[in-house]
Each structure stands twice: as structure tokens, then as C-alpha cells.
Amino acid sequence: MIDKKPQFYLGIDGGGTKCRVRLENEKGGLLAQAQSSSANIATSVEIAQKSIVDATMLALKEANLPASVLPSINAYAGLAGANIENAKVAMSKWLHPFAQFNFSTDLHIACLGAHGSNNGAIIILGTGFCAGVIQNNQVTELGGHGLLLSDGASGSWIGLALFRHTLEVLDGLYPSTPLVEAFLAQTKFANAHLLTQRAMNEKPAYFARFAPLVFTMREDPIAKSIIQKAADYTTRYIEHLVRLGFKDITLVGGVADKISPCLSSNIQSYLCNAKYSPEQGAIQLARHYAND
């Protein structure tokens, strides 16, 4: 009789700043959770792949499992940028180390985690921004077109807005504020030329680093303006989702709990907590594909 090797299941939430993984055994028991850096495949497929492997190896270490179990892991990933066709095609060619590896968007797994088998809507407020609905197990996505074209209310948009306001202050259009002074002290930029030179070719994750400063100094007039615009942007999407018939809307991501209190009480009445994490949503899909 041949002993059957144990199978493992890995749920991956690959965002623009962090890649989180959850490792479970065959019975659904949690073995480990871990985190690494960015896994946005629209930014870099290679970096995303490395982040997935790095987070997986950290999870294996936490679970006291050797690297030799990688071929016994059924993995599913929800990845930022997976809605971009060329990034999706490139990622599909990955010679991964797992028993199985399937992927879709980070919004897909977040929807599934938040609402399970029920209909509902979700807005991801992380490094990027996207919204979507799950209805009869089918996911429809809205937004998520990237920082250049959309992503208002995302961490990267908030950080970029601070850059733009600061440049206007340095150009003399507006007086400085404590937020601007704190930002310049943190970045050590002395003038608009240096600020522009540093930011010109940066990725969204770089700008998102400065979103916490805006929320920390939320009483600053520039911070108030940025946060209000982010709240208005989020409100427009929530109102649209409500018009589509979705009254259970979950906000997730690192910016979500900062924006929620800034929304009107009427808008907040449509918000609900997620049932499970995005990684748990991904685990459900990993099990589905393993048993398919």
C-alpha cells in the first residue's frame, strides 16, 4: 500500500504593497500566515512571483515544514493587476513550484472572503483602488484602472496628492502647512526640482508610503482637503453599488478603516464587515481547483 502524501492549501492575497499568505492542512486547520512585499503583476510579474515564494517560505518556516512540501501545496492567488491582459498572460507562464497554482484578481478573492456564497459588494482601498460585486458566484469588477487613470482614495492616490500639493506650495501658490513641513523633513527634499526628480518614475507603492502621514495629520488643511476628496470618491462608488441593488458593501485594505469614519452616516449604513479574509477566500478556490 502506498502512503498518500498530505496535501496543503495556500491562499494568497497579492496587493500593491504586501503579499499575504495563509497555509492550511487538508482538514482546514490553520498552519501559518506570513507576509512579504508587493505582488502587483501589472507593475512587475517577476517581483510578484518572488514575493509569493518569499511569503510561502516564511509560512513553511512558521509551520515547521520543509521546502520539500512545496509540490504538495495547492495554491490560489488573488493578484493586483490581474485584470490587465498582458500581465495576466505573463503570469500564466510561470513555472511555479506548487502542485497547482491558479490566480485571478485580488478583488475576486476579497469578494469571496467578504460575502462567501452570498451576494454582496466590495471596495478595496489599499495601495490601489477597485470595486466589485459578487452575484450568484459571479464577480463583476469596477475601477482598478491604475494610478494614472483612476484609483482615487487609494493609498497611492493620497500620497501622490500630497506630492502635488507640496509642489504647489514650493512654487509659491499656497502657504506651507505643518503637513508639508513634516513631509519635506521626512523625505529630505529641499526644493521642487529634487521632489520631482525623485518621484518622476516611481511606482504606486512608493506614493502609498506617505498616506499614513496624511491621516496622522488629518487636522492640517491640506490633509483635510485630500481626505475629503478621497471620501467623496469612495462615496460615489458606494452610491453606484447601491443603485445596482447591493446594500451589503464591505471596505477592505489599509486605507479602509481611515476613510470609513469620514463617510456620511447614510453611506456608512450600507457598510458591513467581511465574513472572512481575502486569503481565506483564496483558500476556498485553492480547494475547489484541487478537487476539480
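Is A208 buried or exposed? At 13% relative accessibility, A208 counts as buried, where buried means under 20% relative accessible area, exposed over 50% and partly exposed in between, with a 1.4 Å probe and protein chains only. The views below show a predicted model, in which local features need pLDDT of at least 70 and side-chain atom pairs count only at pLDDT 80 or more, while totals for chains, interfaces and linings use all residues. Residues are numbered from 1 along each chain as its sequence is written, and side-chain values use heavy atoms, with hydrogens and water left out.

View 1. A208 has its place in helix α7, residues 204–208; helices (H or I, at least four residues) and strands (E, at least two) are DSSP runs, numbered from the N terminus. Leaving aside its neighbours within four places in sequence, A208 is in contact with T127, G155 and S156, contact meaning heavy atoms within 4.5 Å. The C-alpha atoms of A208 and T17 are separated by 8.2 Å, although these residues lie 191 residues apart along the chain.

**View 2. The four-stranded open sheet.** The strands follow the order β8-β7-β6-β9, with mixed pairing, and two strands pair if DSSP finds at least two bridges between them. The edge strands, each pairing on one side only, are β8 (138–143) and β9 (249–252). Neighbouring strands of this sheet are turned against each other by 20° on average, direction ignored; axes are lines fitted to C-alpha atoms, for helices over the stretch in contact, and angles run from 0 to 180 degrees between N-to-C directions. Strand β7 (residues 129–135) runs antiparallel to β8 and is joined to β8 by six bridges, and V139 in β8 is the bridge partner of I134.

**View 3. Helices α3 and α9 against the sheet.** Helix α3 lies across β6 (120–125), β7, β8 and β9, and runs at about 130° to β6. Helix α9 (residues 221–243) also packs on the sheet, where α9 touches β6, β7, β8 and β9 and its direction makes about 165° with that of β6. Helix α3 (residues 106–115) is mostly covered, with ten of its ten residues buried; among them are L107, I109 and L112, as well as D106 and H108. Just after α3, G116 takes a positive phi of about 60°.

**View 4. Two asparagines with positive phi.** N64, in the loop between α1 (45–62) and β4 (73–79), has a positive phi of about 60° although it is not a glycine. N64 counts as exposed because its relative accessibility is 69%. N137, in the loop between β7 and β8, has a positive phi of about 65° and is likewise not a glycine. With 54% relative accessibility, N137 counts as exposed.

**View 5. The packing of helices α4 and α6.** Helix α4 (residues 155–170) and helix α6 (residues 192–199) pack at an angle of about 155°, with their axes 10 Å apart. That angle makes α4 roughly antiparallel to α6, since angles under 35 degrees count as roughly parallel, over 145 as roughly antiparallel, 65 to 115 as roughly perpendicular and the rest as oblique. The contact is made by F163, T166, L167 and L170 of α4 together with A192, L195, T196 and A199 of α6.
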